[in-house]
Amino acid sequence: MYNKTIAEISAGLQKRDFSSEEITQAYLSRIKQHDEQLNCFISITEEFALAAAKNADQRLAKGESGGLIGVPIAHKDIFCTRDVKTSCASKMLDNFYAPYDATVVEQMNQAGCVMLGKLNMDEFAMGSSNETSFYGPVRNPWDQGCVPGGSSGGSAAAVSARLIPAATGTDTGGSIRQPAAFCGVTGLKPTYGRVSRYGMIAFASSLDQGGPLTRTAQDAAIMLQAMAGFDTRDSTSVDHPVDDYVSTLNRSLDGLKIGLPKEYFDDRLDTDIRRCVDEAIHEFTKLGAHVREVSLPNINLSVPVYYVVASAECSANLSRFDGVRYGYRCENPFDLDDLYSRSRGEAFGAEVKRRILMGTYALSTGYYDAYYLKAQKVRRLISEDFRQVFADVDILAAPTAPSTAFPIGAKTNDPISMYLSDIYTIAVNLAGIPAVSLPVGCVNNKPVGMQLIGNFFSEERLLNAAHQYQSVTDWHMRLPQGFE
Amino acid sequence: MQWETVIGLEIHAQLATKSKIFSGASTAYGAIANTQACAVDLGLPGVLPVLNQEAVHMAVKFGLAIDAEIAPVSVFARKNYFYPDLPKGYQISQFELPVVGCGHLDIVANDQVKRVAITRAHLEEDAGKSLHEDFQGLSGIDLNRAGTPLLEIVSEPDMRSAEEAVAYMRKIHSLVRYLEICDGNMQEGSFRCDANVSVRPKGQKEFGTRAEIKNLNSFRFVEKAINHEVDRQIDLLESGGTVVQETRLYDSNSDQTRPMRSKEESNDYRYFPDPDLLPLEIEPGFLVEVRDQLPELPDQKCDRFIQQYALTDDDASVLTATREMADYYELTVSTLGGEAKLCANWVMGDLAGALNKMNLDVKQSPIDGLLLGGLLKRIVDKTISGKIAKQVFDEMWQTGAAADKIIEDKGLKQITDSGAIEQIIDRIIADNPVQLEQYRSGKDKLLGYFVGQVMKATQGKANPGEVNKLLIPKLKG
């Protein structure tokens, strides 16, 4: 019952093989069975879910069809949900109930999805291992001593363990793709502006983008179809037609030009991961794609640029958490400064504080030009690199992460090494382009991910390529041991 | 030593949009606290700003009216500081690239026309209000005002006296109301200014160290605060001290400024472009459209009044101080069909006086231009004298009735029938033999006495010209 894709669940619901209520119950009991171990969920919304499932069953009974009606999903706890706690995995928002739904939540509700709960993540999406969560780390279903990646670690682990068929996530520097790679699922980071950011708690506004984590590219297409679109409430969302992501999945890849950025394949790349990626690329050539080496000369500057830009933006974005209107407030503040410093000091975790401090520093008088302005200039160079390669090739293929999932605690005391786990994903966010990570192998029984990167609004092509690959391989079908 | 004062003003004009600059909440003044603050104004997690197009339109109107460059691309920036009435912990403003660039405005002060350069005008959101009373030692926050659109108009330090500063501020006040982009209500804080004041020895090129006086919300306070600050700085310098760069507050009760914060403890606002808002792009076509819709501006109207109505510069500038006053005047003139000077005297005299007394705006006048024109018609055609007209005016003010009806009902029509006047004159001369004797023996001043007696007898209705004409020959015998 639980080992199904969205497409399979939808087909089953349409054929009345089972009701939405039944499949919702099935997933809820699976969550109860496994989540104590995995810690994927911050909130489980059983009552809401059962009510939504009943409603979906009525819609289905009326003959409504739609790929997501009655399909259980869960949202990363960064998306505001009316009347359900939205914590962003922070003590700061442990008591926060939004009076409104994020646009993405609204869209998924309209599409008929049944929300089972809110998923664990790194605090305010700042982290690459899900270890910065106020609610404790998520465990990787493939190896419970290892991290699931982050920041959308709860999303990736829950889909991987089949606690839900699909989840939403957000990707600021790799936060969908890296955990998707670590957990062996498919994760799509859309073009910046494709999915509304309204109601998605901001980390770094110019980089944040919501997207789906699913088992298959086909499911990602179904999810994106519902999530994508222009939103008048988000000035950075783009009024660009939404493609039909599902009907184009089966197009042939014959003649597809795939570029391999040499900077991603240098000798720093782990040989086992390289082998998996090479094999996947070989599959693409068998599907008719042509492969050639390309260069993104400024890509090595991505990590420093990212940590200046993202930190600068987050330092302002998190100023609203001041203990005045909502969220955590320290006890008995004796004056305003005390209210601010203790509320923020007591409620933010170490990583969040580190980023706020870095960002504040980078924006300060005397440092702005050297850091923020310089970083923006380099950011444009990186975008320009991508623009040039997409004049020659259709998509790029590259490893998603430099390693497989690492042990819990391995990098918590070494922020730089933690930051480097996003070395392959960050440039895509800086350029604002889409990328999808898909499972392409296993090393020591831990999944390896490869990402396909495309030009602006090329989600259709990326999903098509990923789906074609998944049609001839079965890495995406594998279940972690203990979750069969 | 002779000192020269140097003043620059930063004027905050609240734009008269219906909704806030980045949200759909209402901007109406005076609502119950926190009832006009939506999720965006409250700075809830996840919300995003969306720019109000009308605010941009208004800023552009202002820019074109001061002959400024309108930036084809301008940028919203975050100004970061913590304060409880600033919900997001930053104010969205414009920093490096404001929507309105360099422009200028001509003012008249001490009978001199002077051009004041305007450095820039930018859009920003207002903060909420902190309420420090009524909460037993705590502070209350009202976020109704949070997100209200402001246009901050920054002048060059071109003014050399408090009078010039006030003239400039009045001119901007008049302009924004002409453009209908700000209601100009200073009591409600819709129009307020910060003054940067410094002094320097006359003839010195470099500016002195300046102090910024915050939140001046009346013309009178601007003048008093600047004069006070200039005296303070001169006293300080003459007694061997130095002026510190700082922000000061003007206390109207004690007529003093006192320090608020000094530069050393001032915030580093860490401005950076707001990533939630795209750069604001203004198409040339939009500028043409806005320019075509611009109303006649105060200076243009003033020049036209001087030409068209043969008014003095002073009269024309008083009558064009507000668009409503100018419209009132023109309606009066057109109702009357000429007599522009007579109209000007009445509008600036009796009408303005009555409005002032009742603290009314010309729009609220119980006598509109049509009614006043109707009254003045009866002076021109000699139905009533100017003096009776004032009586009729008072009655119109009370009742709102038309002049003709009042004249009719009260029998105020002027007596021009020489026979009737002659009879009265004869009776008065007969009743006052002593005064007649004195007049005839050379006391010419007594003419006034006789005129007064005639007017009294006719309750002021006798045509004064006719009275004089008939009285003098009879007195002379």
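Helix 7 (residues 217–227) of chain A packs against helix 15 (residues 459–472) of chain A at an angle of about 155°, with the axes 8 Å apart. The two helices are therefore roughly antiparallel to each other. Angles over 145 degrees get that label, those under 35 count as roughly parallel, 65 to 115 as roughly perpendicular, and the rest as oblique. Axes are lines fitted to C-alpha atoms, for helices over the stretch in contact, and angles run from 0 to 180 degrees between N-to-C directions. Helices (H or I, at least four residues) and strands (E, at least two) are DSSP runs, numbered from the N terminus.

On the helix 7 side of chain A, the contact is made by Ala217(A), Gln218(A), Ala220(A), Ala221(A) and Leu224(A). Helix 15 of chain A supplies Glu459(A), Leu463(A), Ala466(A), His467(A) and Gln470(A). Contact means C-beta atoms, placed from the backbone, within 7 Å.

This is a predicted model: local features need pLDDT of at least 70, side-chain atom pairs count only at pLDDT 80 or more, and totals for chains, interfaces and linings use all residues. Residues are numbered from 1 along each chain as its sequence is written, while chains are lettered from A and ligands numbered from 1 in the order in which they are written.

Chain B has a helix pair too. Helix 2 (residues 53–65) of chain B and helix 5 (residues 284–293) of chain B cross at roughly 70°, and their axes come within 10 Å. These helices are therefore roughly perpendicular to each other. His57(B), Val60(B), Lys61(B) and Leu64(B) of helix 2 meet Leu287(B), Val290(B) and Arg291(B) of helix 5.

Ala, Val, Leu, Ile, Met, Phe, Trp, Tyr, Cys and Pro count as nonpolar, Asp, Glu, Lys and Arg as charged, and the others, Gly among them, as polar.

| Contact | Residues by class |
|---|---|
| Helix 7 of chain A with helix 15 of chain A | 6 nonpolar, 3 polar, 1 charged residues |
| Helix 2 of chain B with helix 5 of chain B | 4 nonpolar, 1 polar, 2 charged residues |
| Side of chain A that touches chain B | 18 nonpolar, 10 polar, 7 charged residues |
| Side of domain 2 of chain B that touches domain 3 of chain B | 1 nonpolar, 1 polar, 2 charged residues |

Now the chains meet. The contact takes 35 residues from chain A and 25 residues from chain B. On the chain A side, helix 9 (302–317), helix 10 (336–347) and helix 11 (350–363) each give two or more residues. Helix 9 of chain A gives the largest share, 3 residues.

Arg344(A) sits in helix 10 of chain A. It counts as buried, because it has 22 C-beta neighbours inside 10 Å. The cut-offs are 20 or more other C-beta atoms within 10 Å for buried, 12 or fewer for exposed, and in between for partly exposed, with C-beta atoms placed from the backbone. Leaving out residues up to four places away in sequence, Arg344(A) touches Phe321(A) and Asp322(A).

As a whole, chain A has 15 helices and 11 strands. Buried residues make up 62% of its 484 residues. Its C-alpha atoms fill a box of roughly 65 × 55 × 45 Å along the principal axes.

Chain B divides into domain 1 (3–288), domain 2 (296–410) and domain 3 (418–476). Those bounds come from an automatic or database domain assignment. The C-alpha centres of domain 2 and domain 3 of chain B lie 33 Å apart. Across that boundary, 4 residues of domain 2 are in contact with 4 residues of domain 3.

Key. Two residues are in contact if their C-beta atoms, placed from the backbone, lie within 7 Å.
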